[in-house]
Amino acid sequence: MEIEPKTIIAGIFLVLLWAGEGLLPFYPEFPKGMRQRVGHDARNLALGAGNALLMAVLFGAVFVAVEVWAEDRSVGLLRILDAPGWLTLGLAILFFDLWMYLWHRANHRIPFLWRFHRMHHSDPAMDVSTGLRFHPGEMVLSSMARLAVLPLLGMSLWHLAIYEALLLPVILFHHSNLRIPRWMDHGLLAVIVTPAMHRVHHSRWQPETDSNYGSILPWWDMIFRSFRLREDARTIQLGLEGFDEDRWQTLGGMLRTPLGGPGSDPADETRNGETIGDREKV
Ligand SMILES: [Zn+2]
Ligand SMILES: [Zn+2]
């Protein structure tokens, strides 16, 4: 099997950021040291690798078939516009990043989608490996939605490959526990979602969780007024209420996250009325 360029790029960033956050951590999240950190990261990595394999098997051929169908019929906005290649690529990246923002926002707003997406948020120790921690159910739903979005936008698989080659390093970077100077973070914030911005999204305080949905570009949050920063990011409480116990952090526990925990039982609504109940109703 051929290794895609995006996988090589992601691998290099993963190793560099992992080494960097070990030397210069922002949060000292692993009180039991290296053993605990390696276990945590290996579980998240296993999920990421499993998802990549599952998506290739389930959707690889389907995406090609949809692309051929749309290309033959010149379907989609970008094909109709028929602009020069460089402009089409720029617009594809811009439009698809907007789609990612809307999809992420829907994952927080629609209770069914949140059941899967909350597994990404239940990590109490966010680091570079959290960038790969997504529930396979969320990946399947996202791929199904993309089967409609790509032909609607008129985006080719080549455009998508370029977008993902940009997305993966940015996702790994903004989840990393690397301590970088504030001026550098805020400078980069003009063009990409940075750790200072995405840490706020992983806060367990809901007004912060429900902000900063951006993937590559921070501009959508600024335009749609969901942008939020915290003066002292070290005081952010990471993770998700109700999923702190070790049993939710094993591979099996993570995979069961959509089924169990607060919100799965109507009685929880009253027990956790203030936090979880409100989330399910948003
Ligand atoms: Zn989220
Ligand atoms: Zn995240």
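Predicted model: local features only at pLDDT ≥ 70, side-chain atom pairs only at ≥ 80, totals over all residues.

Residues are numbered from 1 along each chain as its sequence is written, and chains are lettered from A and ligands numbered from 1 in the order in which they are written.

**Helix packing**

Helices here are DSSP runs (H or I, at least four residues), numbered from the N terminus. Their axes are lines fitted to C-alpha atoms over the stretch in contact, with angles running from 0 to 180 degrees between N-to-C directions.

| Pair | Axis distance | Angle |
|---|---|---|
| α2 (34-72) and α6 (136-153) | within 10 Å | roughly 10° |
| α5 (111-121) and α6 | 8 Å | about 130° |
| α4 and α5 | within 6 Å | roughly 100° |

For orientation, angles under 35 degrees count as roughly parallel, over 145 as roughly antiparallel, 65 to 115 as roughly perpendicular and the rest as oblique.

Take α2 and α6, whose axes cross at roughly 10°. That angle makes α2 roughly parallel to α6. Their crossing is right-handed (the near helix is turned clockwise from the far one by less than a right angle). On the α2 side, the contact includes L54, L58, F59 and V62, and on the α6 side it includes M139, V140, L147 and L150; contact means C-beta atoms, placed from the backbone, within 7 Å. By class, this contact has 13 nonpolar, three polar and no charged residues. Nonpolar here covers Ala, Val, Leu, Ile, Met, Phe, Trp, Tyr, Cys and Pro, charged covers Asp, Glu, Lys and Arg, and the others, Gly among them, are polar.

Next, α5 packs on α6 at about 130°, which makes α5 oblique to α6. L113, F116 and H117 of α5 meet G137, E138 and L141 of α6. That contact has three nonpolar, two polar and one charged residues.

As for α4 and α5, they are roughly perpendicular to each other. Here A106, N107 and H108 of α4 touch L113, W114 and H117 of α5, giving three nonpolar, three polar and no charged residues.

**Nonpolar cores**

Which residues have the most contacts inside the largest nonpolar core? They are L17, F96, M155, L167, V170 and L172, in a core of 27 residues. A core is a set of buried Ala, Val, Leu, Ile, Met, Phe, Trp, Tyr and Cys residues joined through C-beta atoms within 7 Å, where buried means 20 or more other C-beta atoms within 10 Å, exposed 12 or fewer, and partly exposed in between. At least two residues each come from α1 (5-23), α4 (85-109), α6, α7 (157-175) and α9 (195-201). The most come from α7, with eight residues. Another core, of six residues, lies apart from it and includes L47, L113, F116 and L132.

**Two positive phi values**

S74 has phi near 50°, a positive value in a residue other than glycine. S74 sits in the loop between α2 and α3 (77-81), and counts as exposed because it has 10 C-beta neighbours inside 10 Å. R225 also has a positive phi, near 60°. R225 lies in the loop between α11 (219-223) and α12 (251-256); with 8 C-beta neighbours inside 10 Å, R225 counts as exposed.

Note on methods. Contact = placed C-beta atoms within 7 Å.
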